[in-house]
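Here's a quick tour for anyone opening this one up for the first time. Have a look at the picture, then read on.

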Amino acid sequence: MAQQVQEKYEESQLYKIRHSAAHIMAQAVLELFPDGKVTIGPPVENGFYYDFDLPRNLTPEDLEKIEKRMRGIIQGGFEFKKTIVSAEEARKIFANQPYKLELIDGLEKGGLDEYGEPLKDKPVISIYQQDTFTDLCRGPHVDNTRQIKPTAVKLMSVAGAYWRGDEKNKMLQRIYGTAWESEQQLKDYLWQLEEAKKRDHRKLGKELEIFIFDEEVGPGLPLWLPNGGVMIEELEKLAKETEDQAGYSRVRTPNLTKEDLFLRSGHLPYYAESMYPPMELEGVKYYVKPMNCPMHHKIFAAKPHSYRDLPIRLAEYGTCYRYEKSGELFGLMRVRSMQMNDAHLYCAEEQFEQEFMGVIALYHKYFKLFGIEKYIMRLSLHGKAGLGKKYVDNERLWIKTEDMVRRAMTNGNVPFVEVEDEAAFYGPKIDVQIWSAIGKEFTLATNQVDFAQPARFDLKFTNKEGNEEVPLCIHRAPLSTHERMIGFLIEHYAGNFPVWLCPEQVRVIPITDGQNEYAHQTVKQLREQGVRVSADVSAQRMNAKIRSAQLMKVPYMLVVGENEMKAGQVSLRVRDGSQQNNISLADFETRIKDRIAKRSSEL
Ligand SMILES: [Zn+2]
Ligand SMILES: [Zn+2]
């Protein structure tokens with residue numbers, strides 16, 4: 001698959017359906033509350049909403065009624081008619097709708113669109129009408145309400161929202177709805193929502209004792225419990241093995257550095273808002289690091305390099321600290337301390353494609369390992385207007401580097417889309433979007449091609465001709481941060497991790513106290529083989545012991561009773577429900593060691 005062009009949501013049929021559903025909902029609401037005031041109602045991701053100023057609070061019964069009426073309107077087969085009007089005419093049409101009058105003023109003056117969002121040009125005012133309802137709107141819409149499937153529309157919830165998002169304004173009632181092209185799509189979406197709730201990493205992470213947050217430690221600063229500690233170790237082992245094979249070298253750098261380093265890198269002052277404030281000692285300011293790159297650059301610069309030494313690949317699971325606003329923190333996905341699968345690859349220009357594709361190969365290896373089937377890479381390019389402001393002022397280098405990345409992706413058959421004006425300050429970046437087993441989207445990691453920082457750090461190597469040359473630098477983190485990766489893996493697997501990644505791989509369950517000693521022996525024997533195993537010698541009955549192992553999603557339970565003990569065997573109960581009675585421990589050992597060694601997804 002070469003370069004893809006993603007259809008813009010704003011131009012899709014789904015967008016028209018949702019936008020039209022919002023208008024239909026507004027009609028139904030106004031029929032129920034003839035004195036109600038309408039404000040705005042745009043399509044959003046997965047659905048639409050509309051904000052109303054109504055004489056009383058909406059009840060769940062109201063929502064049912066509104067939804068039912070919407071189906072009636074849809075089946076009425078009404079056309080969506082667009083008319084261009086003057087501001088004068090618009091004011092007459094919306095004489096009883098004060099919020100619309102305010103929006104018309106904005107449109108007339110220019111500068112704001114019908115949603116109150118900033119606009120460059122003075123817009124043409126248009127209205128859309130279906131049946132009895134008219135809205136100030138630039139579209140687009142379906143041609144006829146019949147193009148919407150009445151069974152593919154559902155109202156979801158009501159929430160409070162301030163007019164224009166400003167808390168000084170009146171609180172409105174926002175109805176959220178969802179609409180799809182078919183009833184099946186709607187069903188799939190509702191299933192996914194339900195399933196996502198069950199898989200929520202914040203909920204499962206607590207139940208499976210993987211991580212916690214503590215108020216005295218601080219928001220966005222996760223504490224990893226022993227189970228989380230095991231997963232982190234396993235991911236680092238995976239990264240280390242993979243990177244060793246790919247010719248990386250491992251380095252270690254401090255969490256704290258002088259201000260000078262970030263002044264040189266350019267993070268200060270531009271990135272200061274995302275950094276923790278400095279601490280001052282003996283007249284020197286120190287920062288906790290928001291990224292590892294500057295220190296890796298220093299390591300590269302620690303000795304002179306010839307072209308023969310390149311590429312040099314420096315890797316570190318570095319802990320970084322970034323100041324995310326409290327309102328933006330979200331479980332493990334948005335945190336303030338993060339351990340990053342970081343590396344910086346320094347190479348000559350002619351080595352770029354091979355190095356870049358080497359990084360992509362790591363992604364593919366990890367995608368395969370974790371059963372990630374859907375992913376897309378988004379290549380973010382510079383915007384001409386931002387040169388010298390948002391972006392390093394060197395258009396020639398931008399175009400050249402972007403071409404290099406594009407060529408590498410195309411040659412490597414990597415699916416990607418391009419987005420203008422979204423690059424990093426010092427070079428184009430590739431955002432990696434992945435979808436979990438239930439189709440939920442995650443942003444995993446970002447790769448960056450950097451043609452500016454190496455020069456700022458005065459990095460160089462001697463080329464074949466004996467001249468000094470500045471290397472390119474690729475920043476990459478295919479396993480993202482532990483925080484984001486484990487958050488994703490929890491939801492992707494719903495906590496049913498593959499054996500190699502499971503904090504507890506085996507639980508031995510003696511049926512009575514009479515087998516406790518045998519259970520301990522079994523544990524000892526498996527531990528010597530490197531298996532993570534424990535015995536449940538609590539006073540609980542066997543079924544309760546099985547239940548608690550199931551709750552922790554332990555892949556293998558070894559039940560041992562009198563008979564198993566006498567025969568020196570175990571009875572195996574697997575997480576998938578299968579069972580195998582009276583097998584030798586040696587056979588079980590062979591099975592589990594094979595799964596672990598291959599990092600198999602099979603049980
Ligand atoms: Zn509209
Ligand atoms: Zn970096």
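This is a predicted model: local features need pLDDT of at least 70, side-chain atom pairs count only at pLDDT 80 or more; totals for chains, interfaces and linings use all residues.

Residues are numbered from 1 along each chain as its sequence is written, chains are lettered from A and ligands numbered from 1 in the order in which they are written, and side-chain values use heavy atoms, with hydrogens and water left out.

**The zinc ion (ligand 1)**

- His19 (NE2), His23 (NE2) and Cys137 (SG) coordinate the zinc ion (ligand 1) at 2.1 to 2.4 Å. Donors here are N, O and S atoms within 2.8 Å of the metal (3.2 Å for Na, K and Ca), and water is not among the atoms, so sites may look incomplete.
- Along the chain, the donor residues of the zinc ion (ligand 1) are spaced H-x3-H-x113-C.
- His19 sits in helix H1 (residues 13–32) and Cys137 in the loop between strand E6 (133–136) and strand E7 (153–162), so the pair ties together parts that are 118 residues apart in sequence. Helices (H or I, at least four residues) and strands (E, at least two) are DSSP runs, numbered from the N terminus.
- His19 counts as buried because its relative accessibility is 0%, and Cys137 counts as buried at 3%. Buried means under 20% relative accessible area, exposed over 50%, and partly exposed in between (1.4 Å probe, protein chains only).

**The zinc ion (ligand 2)**

- Cys293 (SG), His344 (NE2) and His475 (ND1) coordinate the zinc ion (ligand 2), at 2.1 to 2.3 Å.
- The spacing of these donors along the chain is C-x50-H-x130-H.
- Cys293 in helix H10 (residues 293–300) and His475 in strand E23 (residues 472–476) link distant parts of the chain, 182 residues apart.
- Cys293 and His475 are buried.

- Strands of a sheet pair through backbone hydrogen bonds, either parallel or antiparallel.
- How many residues of strand E19 (residues 429–435) are buried? Seven of the seven are, so E19 is largely enclosed by the rest of the structure.
- Both faces of E19 are covered, with Lys429, Asp431, Gln433 and Trp435 buried on one side and Ile430, Val432 and Ile434 buried on the other.
- Strand E17 (residues 375–380) pairs with E19 in the antiparallel sense over six bridges, and Ser380 stands opposite Lys429. Two strands count as paired if DSSP finds at least two bridges between them.
- E19 is also joined to strand E20 (residues 441–450) by seven bridges, again antiparallel; there, Gln448 is the bridge partner of Lys429.
- The hairpin of E19 and E20 has five residues between the strands, and Gly439 in it takes a positive phi near 85 degrees.

**A sheet of three strands**

- This open sheet has the order E12-E14-E13, with antiparallel pairing.
- Its edge strands are E12 (256–258) and E13 (279–281), and each pairs on one side only.
- E13 and strand E14 (residues 284–288) are joined by three bridges, and Met279 stands opposite Tyr286.

**Helices**

- Helix H7 (residues 226–245) has 20 residues and reaches 29 Å from its first C-alpha to its last, close to the expected 28 Å. That expected span is 1.5 Å times one less than the number of residues.
- Among the buried residues of H7 are Val230, Met231, Ile232, Leu235 and Leu238.
- After H7 comes Gly247, whose phi is positive, near 80 degrees.

- Most residues other than glycine have a negative phi, and most peptide bonds are trans.
- The peptide bond from Gly139 to Pro140 is cis, with omega near -5 degrees, and Pro140 lies in the loop between E6 and E7.
- Another cis peptide bond runs from Leu310 to Pro311, with omega near -5 degrees. Pro311 is in the loop between H10 and strand E15 (312–321).
- Asp131 is not a glycine, yet its phi is positive at about 45 degrees. Asp131 is partly exposed, with a relative accessible area of 27%.
- Arg164 also has a positive phi, near 60 degrees, and is partly exposed at 38% relative accessible area.
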